[in-house]
Amino acid sequence: MVNKTDQIEIKGKYIGQNCPVLIIAEVASAHEGNFDDLLKLIDLAAKTGADAVKFQVLNAESHMTPKHQIWDLVQQLEFSKDEWIEAAEYTRANSSMLLLVDVYDIQSITTVTAMKSDMIKIHSADLNNFELIEAAAKLKIPAMIGVGASSLDEIEQCIKVYRDSNPEGFLSLMHGYQGFPTELEDMNIRQLTLLREHFGLPVGFLDHAEGDTDA
């Protein structure tokens, strides 16, 4: 694996500026906490021809207080560290997809390390979570930063914190309108150009439109 500022090669797939589009199948929490359904979603992602599959690893206790309104839901969506390792191994054994993981809290950092994720993503809600950003940067894994609903100043500060711990590692920005589902007129595709020109980093797009959208 060869790192460059604008481009990286991981297991034969080239990612970054002037590279072919990398199609990521987003599993998120569609498994609803059912491990068998998670494995089925991995199989479905592979059948679509996606280049990568992305999971969301989180830990309720590390992520929020028990009084939070979605505490019970997040606990329901959790898998154990061993289950996530099994899911990662299943992905590699049954597909050529790269393995991407969203990190949401410090506890999940250890799980992502054990999964040997090919890339990580920091969610846009955590751009001010400097402890998490620093811990993610220290993994020295190629990374994406979600920047939906974020100001340029917030993005700049996040990049600075990340670069203080990982000056040379591959880093990209992911634009996506934080509305579910997103209407076509709200996607603001021109933001991709603004982000690229302003920060000089590779930029990707998080598509939150309905699956049957005509576009």
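Student: Which strands form a hairpin, and how many residues sit between them?

Tutor: That's β2 and β3, with two residues between them. Keep in mind we're looking at a predicted model.

Student: Which residue in the turn has a positive phi?

Tutor: Lys 11, with a phi of about 50°.

Student: And how do β2 and β3 pair, parallel or antiparallel?

Tutor: Antiparallel, over four bridges. β2 covers residues 7-10 and β3 covers residues 13-16. To get your bearings, look for Glu 9, which stands opposite Tyr 14 in β3.

Student: OK, switching to the sheet of seven strands. What's the strand order?

Tutor: It goes β4-β5-β6-β7-β8-β9-β10, an open sheet with parallel pairing.

Student: Which ones are the edge strands?

Tutor: β4 and β10, the latter being residues 203-205; each of the two pairs on one side only.

Student: How much twist from one strand to the next?

Tutor: It averages 25°.

Student: Let's zoom in on β4. How many bridges tie it to β5?

Tutor: Four, in the parallel sense, between residues 24-28 of β4 and residues 52-57 of β5.

Student: What do β4 and β5 make together with helix α1?

Tutor: A β-α-β unit, and a right-handed one, with α1 spanning residues 35-47.

Student: What about β8 and β9, how many bridges there?

Tutor: Four again: residues 143-146 of β8 are joined to residues 171-175 of β9, and the two strands run parallel. Met 144 has Ser 172 in β9 as its bridge partner.

Student: Now the helices. Which strands does α4 lie across?

Tutor: β5 and β6. Helix α4 is residues 81-94, and it runs at about 175° to β5. Helix α5, residues 106-115, lies across β5, β6 and β7, at about 175° to β6.

Student: What angle do α4 and α5 make with each other?

Tutor: About 35°, with 9 Å between their axes. The crossing of α4 past α5 is right-handed.

Student: Which residues make that contact?

Tutor: From α4 you have Lys 81, Trp 84, Ile 85, Ala 88 and Arg 92, and from α5 Thr 110, Thr 111, Ala 114 and Met 115. By type, that's five nonpolar, two polar and two charged.

Student: How far apart are the axes of α6 and α7?

Tutor: 8 Å, and the packing angle is about 40°. α6 is residues 130-137.

Student: Last pair: at what angle do α7 and α8 pack?

Tutor: About 50°, with the axes 12 Å apart. Here α7 is residues 152-165 and α8 is residues 191-199. The pair is therefore oblique, and the crossing is right-handed.

Student: Which residues of α7 and α8 make the contact?

Tutor: Leu 152, Ile 155, Glu 156 and Ile 159 come from α7, while α8 brings Leu 194, Leu 195, His 198 and Phe 199.

Student: How do those divide into nonpolar, polar and charged?

Tutor: Six nonpolar, one polar and one charged.

Definitions and conventions
Residues are numbered from 1 along each chain as its sequence is written. This is a predicted model: local features need pLDDT of at least 70, side-chain atom pairs count only at pLDDT 80 or more; totals for chains, interfaces and linings use all residues. Side-chain values use heavy atoms; hydrogens and water are left out. Two strands pair if DSSP finds at least two bridges between them. A crossover is right-handed if, with the strands pointing away from the viewer, the path from the first strand over the helix to the second runs clockwise. Axes are lines fitted to C-alpha atoms, for helices over the stretch in contact, and angles run from 0 to 180 degrees between N-to-C directions. Angles under 35 degrees count as roughly parallel, over 145 as roughly antiparallel, 65 to 115 as roughly perpendicular and the rest as oblique. A crossing is left-handed if the near helix is turned anticlockwise from the far one by less than a right angle, and right-handed if clockwise. Contact means heavy atoms within 4.5 Å. Ala, Val, Leu, Ile, Met, Phe, Trp, Tyr, Cys and Pro count as nonpolar, Asp, Glu, Lys and Arg as charged, and the others, Gly among them, as polar.
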